[in-house]
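Here are my notes on the model, jotted down point by point. Have the structure open while you read.

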Amino acid sequence: MRSFDWALYLLVFCVVVGTLFANENNADAPEPPPTSLESDGPTLPPPSILDEQILVQVDAPKDGIGTAFAVNNQGDWITARHVVDGCNSVGLLVAPDQYVPVERVTVDPDSDLALISTGRSPSSVRLALGKPLRIGDEGYHVGYPQGRPGEVATKLLSRSKLITRGRRDGAEPILAWAEIGRTQGLTGTLGGISGGPVFDKDGGVRGVIVAESPRRGRIYTAAPSSVEAFLTSLDVSTVDGPHESFTVHTYGPQSDNARRRLQVVKVACQVRP
């Protein structure tokens with residue numbers, strides 16, 4: 001889910017139902033994951049008024065970093081809206097100390113999603129937005145937490161609803177993932193990973209990281225239907241790029257490969273005083 005990321009849009013205020021206001025190439029071996037969740041659970045139920053609600057305060061934009069991923073070879077990248085909304089300039093890191101300026105930013109009025117456009121994108125991800133969701137599905141969240149390459153392994157837990165207040169008011173469906181492991185050396189906040197993809201075990205992207213709750217060990221992603229609707233509304237064509245399987249024991253190298261292919265990149269936002 002800016003380096004900060006408004007602390008990844010957070011330190012998110014988790015609100016239970018009914019209480020709306022209540023390294024570059026870090027091929028370190030992942031830490032062993034716990035086995036408390038089943039990997040092949042029941043189908044994820046449809047959205048419900050009883051879904052957990054996550055309240056996020058949206059403050060004024062400020063300089064920071066996030067993550068984006070390519071969806072085709074024409075220079076279209078998806079990220080989280082809060083990573084780039086209100087920025088005077090946005091750039092994508094494509095080589096050490098080399099940022100490519102973003103030509104256009106298009107935000108989703110209904111979700112925490114944005115499309116950023118450049119001249120080209122070398123290698124796209126493979127989207128898997130239409131696959132059925134099952135409780136316990138593996139998820140691998142890849143990006144630039146704290147501004148450095150990093151990734152987190154999770155299991156799909158439930159549906160939730162993201163409630164935004166402040167600079168932007170809204171409500172949108174999201175998915176909640178329970179953290180089960182990180183690559184070695186990644187501790188503390190995941191600020192900077194917002195806008196990054198969550199890959200499934202087959203290497204397909206299931207959503208976009210939009211928030212975290214460090215205290216509860218949760219990562220939240222935009223619902224696949226929201227991502228699909230946003231791309232459709234903009235008539236963005238997608239292309240399946242190279243992909244590989246992820247496992248709880250090898251997701252560090254797989255994540256490095258996605259960054260090395262520039263499927264997943266760092267986003268820098270600058271806001272003029």
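1. Start at R259, which lies over the face of Y144, at 5.9 Å from the ring centre. (For a charge to sit over a ring, NZ of Lys or CZ of Arg has to be within 6 Å of the ring centre and within 35 degrees of the ring normal.) R259 also has a polar contact of 2.7 Å with D256, side chain to side chain. (A polar contact is a pair of N or O atoms within 3.5 Å; within protein, one must be able to donate a hydrogen and the other to accept it, and residues adjacent in sequence count only if both atoms are side-chain atoms.) D256 belongs to helix α4 and, at 1% relative accessibility, counts as buried. (Buried is under 20% relative accessible area, exposed is over 50%, and partly exposed is in between, with a 1.4 Å probe and protein chains only.)

2. A word on what you're looking at: this is a predicted model, where local features need pLDDT of at least 70 and side-chain atom pairs count only at pLDDT 80 or more, while totals for chains, interfaces and linings use all residues. Residues are numbered from 1 along each chain as its sequence is written, and side-chain values use heavy atoms, with hydrogens and water left out.

3. Now the overall picture. The protein chain has four helices and 16 strands. (These are DSSP runs numbered from the N terminus: helices are H or I with at least four residues, strands are E with at least two.) Of its 273 residues, 56% count as buried. The accessible surface of the chain is about 11300 Å², and carbon and sulfur atoms account for 53% of that. (Areas come from the Shrake-Rupley method with a 1.4 Å probe; for residues, only the protein chains shown count as cover.)

4. How many aromatic pairs does a search of the whole structure find? Three. (Rings of Phe, Tyr and Trp, the last by its six-membered ring, pair if their centres lie within 6.5 Å; planes under 30 degrees apart are stacked, over 60 edge-to-face, and the rest tilted.) Take Y140 and F246: the ring centres are 5.5 Å apart and the planes at 25°, so this pair is stacked. Y140 lies in strand β10 (residues 138–143) and F246 in the loop between α3 (224–233) and α4 (251–260), so the pair ties together parts 106 residues apart in sequence. Both residues count as buried, Y140 at 1% relative accessibility and F246 at 4%.

5. F246 has another ring partner. The rings of F199 and F246 have centres 4.9 Å apart and planes at 15°, so that pair is stacked too. It links distant parts of the chain, with F199 in strand β13 (residues 197–199) and F246 in the loop between α3 and α4, 47 residues apart. F199 counts as buried, at 4% relative accessibility. Y140, F199, F246 and Y251 make up one aromatic cluster.

6. K201 and Y251 are 50 residues apart in sequence, yet 9.2 Å apart in space, C-alpha to C-alpha. K201 is partly exposed, at 42% relative accessible area.

7. Which residues touch the most other members of the largest nonpolar core? Of its 33 residues, they are F69, I78, L127 and F199. β2, β10, β11, β12 (170–182), β14 (204–213), β15 (218–222), α3 and α4 each supply at least two residues of this core, and β14 gives the most, with four. (A nonpolar core is a set of buried Ala, Val, Leu, Ile, Met, Phe, Trp, Tyr and Cys residues joined through side-chain atoms within 4.5 Å.)

8. Strand β2 (residues 52–58) deserves a look: six of its seven residues are buried. It runs parallel to strand β11 (residues 150–166), and seven bridges join the two. (Strands pair if DSSP finds at least two bridges between them.) I54 stands opposite L162 in β11.

9. Finally, is E103 buried or exposed? Exposed, with a relative accessible area of 60%. E103 sits in the loop between β6 (98–101) and β7 (104–107). S117 is 14 residues from E103 in sequence and 5.7 Å away in space, C-alpha to C-alpha. S117, in strand β8 (residues 114–117), counts as buried at 2% relative accessibility. A polar contact of 3.3 Å joins the side chains of S117 and D76.
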